[in-house]
Number of protein chains: 2
Amino acid sequence: MPLYLREADVEALLSPADAVEAVEGCFARLARGAVENRSRFRLGIEEGLMHVMAAADLELGVAGLKTYVGFRNGARYVVALFAADRPELLALIDADRLGQLRTGAASAVAARHLARPGARTLGVIGTGWQAESQVACIRAALPGIERVVAYSRTEERLKDFCRRFGAEPAEYNRDAAEADIVVTITSSRDPVLRGEWLEPGALVLREGGEGIAHRSSIVRPLPPP
Amino acid sequence: MPLYLREADVEALLSPADAVEAVEGCFARLARGAVENRSRFRLGIEEGLMHVMAAADLELGVAGLKTYVGFRNGARYVVALFAADRPELLALIDADRLGQLRTGAASAVAARHLARPGARTLGVIGTGWQAESQVACIRAALPGIERVVAYSRTEERLKDFCRRFGAEPAEYNRDAAEADIVVTITSSRDPVLRGEWLEPGALVLREGGEGIAHRSSIVRPLPPP
């Protein structure tokens with residue numbers, strides 16, 4: 001039987017700092033043309049979707065895919081990892097924590113390269129499962145971050161998040177937007193951030209939205225004229 | 001951990017007759033529009049290919065995929081099967097034997113519906129791994145088959161195949177072509193079958209070819225004018 005890594009194994013084996021290094025290495029290999037990364041595709045299932053994301057990394061010598069089913073009340077993720085040079089299934093990996101760290105690490109790599117030098121404050125709008133790795137990974141990538149300010153519509157959740165991640169609770173989302181790096185990570189369908197709140201040179205990282213699908217984009221406000 | 005079925009489990013649990021019923025049921029659900037079956041896609045890896053085939057079957061209430069890496073010297077296959085109505089990974093399944101039976105079962109379903117009534121002879125050109133389930137599944141689907149004639153370029157392999165599957169060895173491929181149902185299942189790049197050898201009303205099932213990829217098609221010779 002192939003190696004099977006459960007959620008608890010991934011949690012124990014993969015630190016936010018390692019995730020950041022791994023994702024940064026992926027981006028570099030993608031840029032060098034060593035990686036073939038297929039667009040995600042989806043199949044409709046009852047009240048949900050099945051997703052498939054496949055890639056081959058010829059520098060790492062692996063090929064594989066992540067597949068999962070997502071519903072309103074949860075999702076189940078698994079990664080299958082093959083050797084790229086011989087008929088071997090290297091591992092099957094529960095991939096909820098893995099995907100959470102990958103999402104946070106992608107933001108952290110962006111922050112490392114795009115945030116203004118000397119960035120010291122991080123604002124987070126949204127305090128769910130995906131927000132946790134945003135804070136952990138960005139902190140791992142940028143040790144200069146001294147202050148994290150978080151905002152959530154749910155007071156209980158905000159309190160808990162701040163306690164666990166050493167963040168300061170923001171009374172309004174605007175308070176979390178006045179930072180060197182601002183992460184929005186919420187499934188809210190209403191706008192949570194206004195451009196006029198941002199300080200010149202701030203980096204904005206957008207994650208989540210659109211129900212169960214994630215997407216990232218980076219907005220860099222122009223310096224004042 | 002999800003249920004993991006190894007090759008030996010599949011071998012023990014899935015008979016050729018059950019495979020034929022399962023595949024025939026799939027075809028019926030496909031025809032009813034209850035199944036979404038995505039085209040296989042491939043990624044290039046070192047000296048081989050990674051393949052992904054995903055589908056959702058809303059009548060069975062499952063969704064999943066088969067993925068594998070294939071090289072000149074072998075392949076490694078795995079199936080991931082999810083529930084279609086809740087976030088649950090039902091099983092991971094080693095899928096070499098499963099694919100072998102699925103391929104044989106597809107031929108058997110075709111033979112059940114397209115072979116001439118009262119078909120009694122089966123000719124097989126090619127005696128490799130995939131040929132075994134062709135014979136087993138077609139026999140399971142058509143109990144009227146009394147005689148199996150097999151041809152292989154490799155004498156040793158032919159002898160072994162005939163012993164194991166109760167087939168008669170053909171001296172020339174033409175001898176295996178004079179049957180009610182003719183299966184070609186070989187990686188030969190040269191033609192192995194001539195139309196003029198076929199008897200009117202014979203059913204031809206073509207499998208394999210093109211390196212590691214399989215494809216099936218059915219040729220039905222016209223009755224004489």
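Before the first stop, a definition: two strands pair if DSSP finds at least two bridges between them. Strands (E, at least two residues) and helices (H or I, at least four) are DSSP runs, numbered from the N terminus. What you see is a predicted model, where local features need pLDDT of at least 70, side-chain atom pairs count only at pLDDT 80 or more, and totals for chains, interfaces and linings use all residues. Residues are numbered from 1 along each chain as its sequence is written, while chains are lettered from A and ligands numbered from 1 in the order in which they are written.

**Stop 1: strands in chain B**

Select residues 48-57 of chain B, strand E4, together with strand E5 (residues 62-71): ten bridges join these antiparallel strands. Find B:His51 and look across to its bridge partner in E5(B), B:Tyr68. Four residues lie between the strands of this hairpin, and B:Gly61 has a positive phi near 75°.

The hairpin of E3(B) and E4(B) has two residues between its strands, and B:Glu47 in the turn has a positive phi of about 60°.

**Stop 2: where the chains meet**

Show both chains. Counting two residues as in contact if their C-beta atoms, placed from the backbone, lie within 7 Å, 33 residues of chain A touch 33 residues of chain B. Which element gives the most to chain A's side? Select strand E6 (74-83) of chain A: E6(A) gives the most, with six residues.

**Stop 3: two domains of chain A**

Colour domain 1 (3-99) and domain 2 (103-219) of chain A separately; such bounds come from an automatic or database domain assignment. Their centres, taken over C-alpha atoms, are 24 Å apart. Domain 1 gives eleven residues to the contact and domain 2 gives twelve. Highlight helix H2 (residues 16-32) of chain A, which supplies eight residues, the largest share of the domain 1 side.

**Stop 4: strand E8 of chain A**

Select residues 121-125 of chain A, strand E8: four of its five residues are buried (20 or more other C-beta atoms within 10 Å of their own, with C-beta atoms placed from the backbone). E8(A) pairs in the parallel sense with strand E9 (residues 147-151) of chain A over five bridges, and A:Val124 stands opposite A:Ala150. Finally, select strand E11 (residues 181-185) of chain A, joined to E8(A) by four bridges and running parallel. There, A:Val182 is the bridge partner of A:Gly123.

Conventions: Buried ≥ 20, exposed ≤ 12 C-beta atoms within 10 Å, placed from the backbone.
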